[in-house]
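Welcome! Take a look at it first, and then read on.

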Amino acid sequence: MKKTKFTLGDSRKRLMLVGYIILGAFLLVAVRLLWIQVISGTELGKRAVTQVTEKIKRHTPRGRIVDRNGEELAVSIMVHSLYVNPDEMNKSAKPGKGGEVRDIARIAAQQLAPVLNISEAALYEDFTLKGQFVWVKRMLEPKDYEKVVKIIKDHKLAGLHFISESKRYYTKKSMAAQVLGFVGTDDSGLSGLELALDSILKGAETRQTFKTDAMGRIIADKNTDPEETKEKTMVSTVYLTIDSKMQFVIEDALDDAMKRTHSAGAAVLIMDPHTGAILAMGSRPTFDPNNFGEYPAANWLNRAISIIYEPGSVFKPIVGTMGLSEGLITPDTPVNDTGSIRIADRVISNWDGSGMGLVKFEDVIKYSINTGMVQLGMKLGAQKEIDWAKKYGFGTATGIELPSEEDGILYDPKNMYEPDIATLAIGQGIAVTPLQELRAICAIANGGELLRPYIIDRIVAPNGEVIRKGKKQVVRNVITPEVASQMRTMMEKVVSEGGGKTARIKGYRIAGKTGTAQKIAEGGGYAPGKYIASFVGFVPADKPQYAMLVMLDTPRGAFYGSQVSAPIFRDTLQQILVAKGIQPSSSEGLPSFEAHVKPGQSQKPAAPVPALKQEGNKWIIPDFTGFDARAITEQLEKGQMILEPYGSGKAYKQRPAGGSAAEPGAKIEIWFR
């Protein structure tokens, strides 16, 4: 065989080839390092961090919602949420003395199920998942948190950890529930003011970072342990125009009305007729926003602004001002009431079918005479009726700072036939919200100004700066002061002499109007035997301070507004007038204190009003005999209790009796003479 000879040149070529290969490899490594460290360094750094960290989204506390006097209605506090690291829990299991392995997931599920009110099977499924983070239960109640901590400690349960989160609390439970609304677990407002003001109330969103080991387990040290995290972001406080004491009174009245009348729903509103500020707003059925998910969605509806209905006779004063303004009538204009009236193919009758003969127009309002209102409606005509209704704000949302407000419904005058013109004059063929109706009546009470209702008094920044201020806004002047005065006088006679006598409060001048309207059926027409009973009015009639509307949806049994709604108006406002120290317009019909003073007895109490005494969480009620309502109210307010007065003058009987214990929020019944 011939041997191959290697020359020196061949060796050099081979060395150069190896050198090129080494140089190429070096260049590839250099390029790769340049790519990793310079070009992709930032992105790869982020990946490295995510492999040794766990990020969890959190929210700092929302801003407070308080009433006009600063009494808290909605607040946020930091509570504990429980999560599990399934990998950590299951890898921490160690053999016992007998060699058996503890099933920590099973033990944890068995022990925690009754405390968390979650099934053992559901917990065990979560505890045996693959991964490092699974929520177990968000926002534990403090008492449940303490129980869970003890269980973890006593049974040495690895993998269970806590995170501090912000939880919303509604301090008065169901009070003003539809006004306040509620928030979800992600701290987003879902209804009411919580939704409308979410961007103002919502706390800052943060992502808390935890270090993890190679197994993905969270390393708890003083820098990353959720228990040690102290984050706080100051958020603005929202002050409402709502008066908590008035709100308490109307809510109590609503609950009582729902029990007595078995109504399908109800709404009550109190408004300052001179500013448009909402002082109280209640709706039934209701719910507790702390546990909103336990109630039907229908209970979340704010019926004061989100339902529409035919107003019936409470609309008659508004139509009356149309006639006065157009010069078609005066309070003394004679009207022939025949008990019924035919308009085209429709016969419209009075509520009792009888006629009063020749009466003044003020009697048409006083006794709610349908035939008289129909005659006025026909004189006005379709175009004027609708134009005036629009001036009063009907057919358009009022613009209050609450979500889901309805516009209502108005006819197009071009499509109205004679019966439509006639029935509109008695409050049929138009759909309104309770707030729209009350606002229109307030224009009569205040001298003609149509106001924009508002429920936010002010929004205050953490530094005390007022960043938003609610104020009176006049949309337009609807009627003249003279026309308003004429209708106020007629509405006062409704209560003092006419169909609204059940709304009378002795000593006070009350103006109002009853209403009983057939309820519209879902398929059109009217639902047989179903009515909307309402009463609207203001007090004092000569110098109105409060305007109020009561609406009951489908009461059972008695259904006339004078029977079921007017008494609520009376009883509610009587408490408020006494509590606010508004003196009667006259003493007529009221017994004088002097008549009950025995010879030789002083006409003034010998000592100051006895004070409440606190014992634990309760108050000891003193004997208030001989003292007036205003002085007693001042004492009861210190214990956050409500006076329920009967009569006027000086106290002579009370329930509970002097010396009894009562909790804050209790009603104290006192009889005066």
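A residue is called buried when its relative accessible area is under 20%, exposed when it is over 50%, and partly exposed in between. Arg-106 has a relative accessible area of 30%, so Arg-106 is partly exposed. Please keep in mind that this is a predicted model.

**The chain as a whole**

- The protein chain contains 20 helices and 28 strands.
- Of its 673 residues, 49% are buried.
- The chain exposes about 32600 Å², and 52% of that area comes from carbon and sulfur atoms.
- Counting contacts between residues at least 6 apart in sequence, 70% join residues that are at least 24 apart.

- Met-16, Tyr-20, Leu-23, Phe-26 and Leu-27 make a nonpolar surface patch of about 570 Å².
- One of these residues, Phe-26, belongs to helix H1, which covers residues 8–39.
- Phe-26 has a relative accessible area of 57%, and since the cut-off for exposed is over 50%, Phe-26 counts as exposed.

**A look at helix H4**

- Helix H4 runs over residues 104–116, 13 residues in total.
- From its first C-alpha to its last, H4 reaches 17 Å, close to the 18 Å expected at 1.5 Å a residue.
- There is a bend of about 25° in H4 at Gln-110, and Pro-114 follows within four residues.
- The buried residues of H4 are Ile-104, Ala-105, Ala-108, Ala-109, Leu-112, Ala-113, Val-115 and Leu-116.
- The elements that the buried residues of H4 pack against include strand S3 (72–84), helix H3 (86–91) and helix H5 (120–127).
- Strand S4 (134–140), helix H6 (142–155) and strand S5 (160–170) are also among the packing partners of those buried residues.
- Just after H4 comes Asn-117, with a positive phi of about 60°.

**Salt bridges**

- In general, side chains of opposite charge can pair when their charged atoms come close.
- The structure holds 28 salt bridges.
- In one of them, the side chains of Arg-62 and Asp-198 meet at 2.9 Å, N to O.
- Arg-62 sits in the loop between strand S1 (53–59) and strand S2 (65–66), while Asp-198 is in helix H9 (residues 198–201), so this pair ties together parts that are 136 residues apart in sequence.
- Arg-62 is buried, with a relative accessible area of 4%, and Asp-198 is buried too, with 17%.
- Arg-62 and Asp-198 also take part in a network of salt bridges that links them with Arg-168 and Glu-194.
- Glu-120 and Arg-106 form another salt bridge between their side chains (3.6 Å, N to O).
- Glu-120 lies in helix H5 and Arg-106 in helix H4, so the pair ties together parts that are 14 residues apart in sequence.
- Glu-120 counts as partly exposed at 30% relative accessibility.
- Glu-251 and Arg-284 form a salt bridge as well, with their closest N and O atoms 2.6 Å apart.
- This pair links distant parts of the chain, with Glu-251 in helix H10 (residues 244–261) and Arg-284 in strand S11 (residues 278–284), 33 residues apart.
- Both Glu-251 and Arg-284 are buried.

Methods: Residues are numbered from 1 along each chain as its sequence is written. This is a predicted model: local features need pLDDT of at least 70, side-chain atom pairs count only at pLDDT 80 or more; totals for chains, interfaces and linings use all residues. Side-chain values use heavy atoms; hydrogens and water are left out. Patches are made of residues with over 30% relative accessible area and no salt bridge: like charges are joined within 9 Å, nonpolar side chains (Val, Leu, Ile, Met, Phe, Trp, Tyr) within 5 Å. Accessible areas come from the Shrake-Rupley method with a 1.4 Å probe; for residues, only the protein chains shown count as cover. A salt bridge is a side-chain nitrogen of Lys or Arg within 4 Å of a carboxyl oxygen of Asp or Glu. Helices (H or I, at least four residues) and strands (E, at least two) are DSSP runs, numbered from the N terminus. Buried means under 20% relative accessible area, exposed over 50%, partly exposed in between (1.4 Å probe, protein chains only). Contact means heavy atoms within 4.5 Å. The expected span of a helix is 1.5 Å times one less than its number of residues. The bend at a residue is the angle between axes fitted to the seven residues ending there and the seven starting there.
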